[in-house]
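Please look over the structure below.

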Amino acid sequence: MTKPSLPDLLHAAVSAVGGTERPGQVAMAEAVAEAIDDNSHRLIQAGTGTGKSLGYLVPALAHGERVVVATATLALQRQLVERDLPRTVEALHPQLRRRPQFAMLKGRSNYLCLHRLHEGAPQDEEDGLFDQFEAAVPTSKLGQDLLRMRDWADETETGDRDDLTPGVSDKAWSQISVSSRECLGATKCAYGAECFAEAARERAKLADVVVTNHALLAIDAIEGAPVLPQHEVLIVDEAHELVSRVTGVATGELTPGQVNRAVKRAAKLVDEKTADALQTASETFERVMELALPGRLEQIPEDLGYALMSLRDSARNVISEIGATRDKSIHDEDAVRKQALAAVESIHGVAERITNGSEYDVVWYERHDRFGATLRVAPLSVSGLLREKLFEDRSVVLTSATLKLGGDFNGVAASLGLSAEGVEGDDVPVWRGLDVGSPFDYPKQGILYVAKHLATPGREGTRGDMMDELAELIEAAGGRTLGLFSSMRGAKAAAEELRGRLDNPILLQGEETLGELIKSFAADPKTCLFGTLSLWQGVDVPGPSCQLVVMDRIPFPRPDDPLMSARQKSVEEHGGNGFMAVAATHAALLMAQGAGRLVRASGDRGVVAVLDPRLATARYGSFLRATLPDFWYTTDRNQARRSLAAIDATAKADGK
């Protein structure tokens with residue numbers, strides 16, 4: 001039987017999802033097929049509207065090797081598993097003569113734990129476990145969520161947190177879930193045969209395509225013990241997010257509350273002397289943290305160093321002893337012991353890591369008004385880890401709408417541990433970049449307006465001229481505005497000011513769930529939505545409700561961000577340009593994502609307004625502009641307002 005051609009397969013899949021075949025999608029599919037065939041790596045930039053999920057799924061399914069697809073957002077995971085994969089598999093079946101299986105796999109804490117549900121959650125103040133449902137106050141939000149989750153547990157087939165709607169708080173979910181460290185293991189657990197997490201793993205082992213998230217991919221790489229099934233092809237979608245997600249997984253933290261809870265969990269499982277030593281270390285650490293000031297610790301202060309060594313040593317003794325004693329008076333002793341061990345091991349690991357003091361780690365204090373001080377440690381870079389763990393023994397395709405920063409792939413490639421494109425050598429993964437463009441006509445569909453006449457934004461204080469400009473733009477657009485702010489404080493200040501000035505409803509992130517806010521924004525063209533980071537990347541509102549996207553300033557990292565400033569300094573010490581490699585690259589990525597909110601469909605029209613003159617006047621402005629979609633560019637404020645008014649008039653004439 002002749003092998004079906006890739007164009008025929010792609011045509012069948014695109015027809016099945018009701019889409020339109022695009023040249024960029026065809027080019028992408030061919031590049032993915034080539035990478036899989038010759039076991040090489042690709043970075044592929046595919047603009048919004050390309051149909052990139054089919055661009056990689058079709059060649060991957062056609063090849064027949066096991067594929068892992070890792071994404072950053074829940075929305076894309078759902079789209080793949082609930083829409084794209086089922087339709088594509090059915091569409092390709094007549095030509096492939098097989099139906100590839102697919103499955104979703106997440107970290108263990110994303111699944112309901114039946115043991116925790118039926119036997120109880122750990123209670124810090126007393127021995128053993130307690131029945132959180134008996135203790136729940138039905139009138140409280142937490143109590144209502146717990147009771148709702150208990151009912152859901154009888155209905156759910158997956159036990160996946162993301163299938164519970166409406167969702168619940170992290171605190172509520174923690175009552176019925178466990179981390180991989182806390183899990184008893186299927187063979188030791190009374191509920192092992194029914195375990196949702198184990199069932200998901202078994203489905204993944206049998207699947208041809210496993211859809212997961214960046215965090216689990218990072219855990220699989222960092223921890224050494226394989227979590228994902230063996231696979232020949234890895235596709236990383238939303239790849240611009242990968243470095244920050246891997247950094248998040250590789251970051252450790254210690255708080256006095258966390259240490260205190262571990263002490264209470266371990267106290268009754270070890271002898272009094274061992275427990276007292278951990279208690280004393282905990283109190284010493286708490287006293288040090290009370291005086292902690294936010295910022296990077298280039299050297300570990302003597303008092304903190306002593307407290308961490310005490311924590312490390314006393315935690316090690318608890319870990320050694322905790323497995324050697326038994327106490328039949330404790331209800332469900334194995335679970336209590338495992339919970340305590342996980343809590344103490346976590347503290348030991350972070351305390352030892354900071355005490356050992358690697359030059360490749362950054363350590364800093366954070367302080368939160370409500371929760372007090374936190375001690376954090378994160379890798380200076382994850383590029384070496386990614387180079388070593390990601391690109392070995394498999395073909396890797398990384399794709400996103402924003403991978404070319406300043407006009408080429410090399411910035412993103414460097415963050416992934418790759419050399420410049422075309423460089424070959426021992427232990428250097430060879431890769432090729434491809435920009436398949438976008439089906440949208442950006443110069444005709446959008447305008448990039450830079451408010452060159454405004455004052456350069458300072459670190460503090462309100463920007464009166466910026467508020468005036470923002471109000472005028474919103475009025476010209478008739479609402480229809482997505483306001484992207486570099487800080488929550490800026491978003492709140494703008495919302496408060498303009499609610500007093502304009503008749504348009506202004507929604508503010510945090511005042512309702514993100515899903516509800518986006519739904520309300522999309523439903524009423526007069527409405528504006530203001531917010532910060534998650535809006536820069538998470539809003540997909542095609543049509544006339546979003547015809548003006550405003551960025552209040554270039555979103556450089558805060559100068560006092562310990563990790564970013566440490567990375568910048570490291571680049572400079574090695575002879576590079578730290579500002580361009582770290583701060584400008586970070587800003588370029590966010591701005592490209594933010595500007596991408598404007599044109600989501602072929603009929604969309606609008607303006608991206610950047611209220612920061614540095615985009616037009618600073619030397620790095622051209623680097624940032626080269627990263628944005630190729631909109632028609634102007635610094636003429638009157639031109640911007642006239643265009644917005646015309647777009648608003650057209651939408652109103654169309655009854656929108």
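The report takes these topics in turn.

## Basis of the model

This is a predicted model, in which local features need pLDDT of at least 70, side-chain atom pairs count only at pLDDT 80 or more, and totals for chains, interfaces and linings use all residues. Residues are numbered from 1 along each chain as its sequence is written, and side-chain values use heavy atoms, with hydrogens and water left out.

Helices (H or I, at least four residues) and strands (E, at least two) are DSSP runs, numbered from the N terminus.

## The seven-stranded sheet

Seven strands form an open sheet with parallel pairing. Their order is β16-β17-β15-β18-β19-β14-β20. Two strands pair if DSSP finds at least two bridges between them. The edges are β16 (506–508) and β20 (632–634). Each has a single partner strand, so one side of each is left without a neighbour in the sheet. On average, neighbouring strands are turned by 15 degrees against each other, direction ignored. Axes here are lines fitted to C-alpha atoms, for helices over the stretch in contact, and angles run from 0 to 180 degrees between N-to-C directions.

Ile447 stands opposite Trp632 of β20. Helix α24 (residues 578–595) packs on the sheet. It touches β15 (481–484), β18 (548–551) and β19 (606–610). Contact means heavy atoms within 4.5 Å. The direction of α24 makes about 160 degrees with that of β18.

Helix α20 (residues 488–501) has 14 residues. From first C-alpha to last it reaches 20 Å, close to the 20 Å expected at 1.5 Å a residue. The expected span is 1.5 Å times one less than the number of residues.

Ala491, Ala494, Ala495 and Leu498 of α20 are buried. Buried means under 20% relative accessible area, exposed over 50%, and partly exposed in between (1.4 Å probe, protein chains only). Seen down the axis of α20, the buried residues fall within an arc of 100 degrees, so they line one face of the helix. The arc is that of the directions from the helix axis to the C-beta atoms. On the other side, Arg489, Glu496 and Gly500 are exposed. The cover over the buried residues includes α19 (464–477), β16 and β17 (528–531).

Ala491 has 0% relative accessibility. Leaving aside neighbours within four places in sequence, Ala491 is in contact with Phe485, Leu508, Phe530 and Gly531. The C-alpha atoms of Ala491 and Thr532 are separated by 6.9 Å, although the two are 41 residues apart along the chain.

## Salt bridges

Side chains of opposite charge can pair when their charged atoms come close. A salt bridge is a side-chain nitrogen of Lys or Arg within 4 Å of a carboxyl oxygen of Asp or Glu. By this rule the count comes to 35. One of them joins Arg42 and Glu34 at 2.8 Å, N to O. Arg42 is buried at 3% relative accessibility, whereas Glu34 is partly exposed at 36%.

Lys404 pairs with Asp435, the closest N and O atoms being 3.5 Å apart. This pair links distant parts of the chain, 31 residues apart. Lys404 lies in the loop between β12 (395–400) and α17 (410–415), and Asp435 in strand β13 (residues 431–435). Both are partly exposed, Lys404 at 22% and Asp435 at 33%. Asp648 and Lys652 meet at 3.0 Å, N to O. Both lie in helix α27 (residues 637–653), four residues apart, about one turn. Asp648 is buried at 7%, while Lys652 is exposed at 52%. Glu469, Glu472, Arg637 and Arg641 are linked in a network of salt bridges.

## Backbone details

The peptide bond from Thr165 to Pro166 is cis, with omega near -10 degrees. Pro166 sits in the loop between α7 (141–155) and α8 (170–174).

Asn39 is not a glycine, yet has a positive phi of about 55 degrees. Asn39 is in the loop between α2 (23–37) and β1 (41–45) and is partly exposed at 48%. Arg480, also other than glycine, has a positive phi near 50 degrees. Arg480 lies in the loop between α19 and β15 and is buried at 2%.
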